[in-house]
Amino acid sequence: QEQLVESGGGSVQAGGSLRLSCAASGYTYNSYMAWFRQAPGKDREGVAVLATAATSTDYADSVKGRFTISRDNAKNTLYLQMNSLNSDDTAMYYCAARTSYQWPVGSTWSHPSNYDYWGRGTQVTVAS
């Protein structure tokens, strides 16, 4: 069974940067890897996704131009570089992986139910 372990969260001032990491073990071929976040009282939302075969990416509108998702294949590690952080970015951040290449009809990458494996999360707090 694949395991995903996030790290790199912490507290930062508004305008600052953080880089999150997600180490994968018990390796399964993943067609997609993604970052999600969940703030208290809110639904889990998709932040960024990476298609492992094509290395294509997509982002939530709220983070476009500020966040970058990437992957180091040799280290089996997914990253999320977060710049120009603001208080709206405060949340628990989760790494997720999907094995199937095809998305369910009518669904998109940002639906949490489409992912097979999840990490336990790392907290990001941005002070304004």
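1. A salt bridge is defined here as a side-chain nitrogen of Lys or Arg within 4 Å of a carboxyl oxygen of Asp or Glu. The structure holds 4 salt bridges. The model is predicted, so local features need pLDDT of at least 70 and side-chain atom pairs count only at pLDDT 80 or more, while totals for chains, interfaces and linings use all residues. Residues are numbered from 1 along each chain as its sequence is written, and side-chain values use heavy atoms, with hydrogens and water left out.

2. R37 and E45 form a salt bridge, with 2.6 Å between the closest N and O atoms. E45 is partly exposed at 33% relative accessibility, whereas R37 is buried at 4% (buried means under 20% relative accessible area, exposed over 50%, and partly exposed in between, with a 1.4 Å probe and protein chains only).

3. R37 also forms a salt bridge with D89, the closest N and O atoms lying 2.9 Å apart. Because R37 belongs to strand 4 (residues 32-38) and D89 to the loop between strand 8 (77-82) and strand 9 (91-98), the pair ties together parts 52 residues apart in sequence. Strands (E, at least two residues) are DSSP runs, numbered from the N terminus. D89 is buried, with 0% relative accessibility.

4. D89 forms a salt bridge with R66 as well, at 2.8 Å between the closest N and O atoms. R66 lies in the loop between strand 6 (56-59) and strand 7 (67-72), so this pair links distant parts of the chain, 23 residues apart. R66 is buried, at 15% relative accessible area.

5. Through shared partners, salt bridges join R37, E45, R66 and D89 into one network.

How values were computed. Helices (H or I, at least four residues) and strands (E, at least two) are DSSP runs, numbered from the N terminus.
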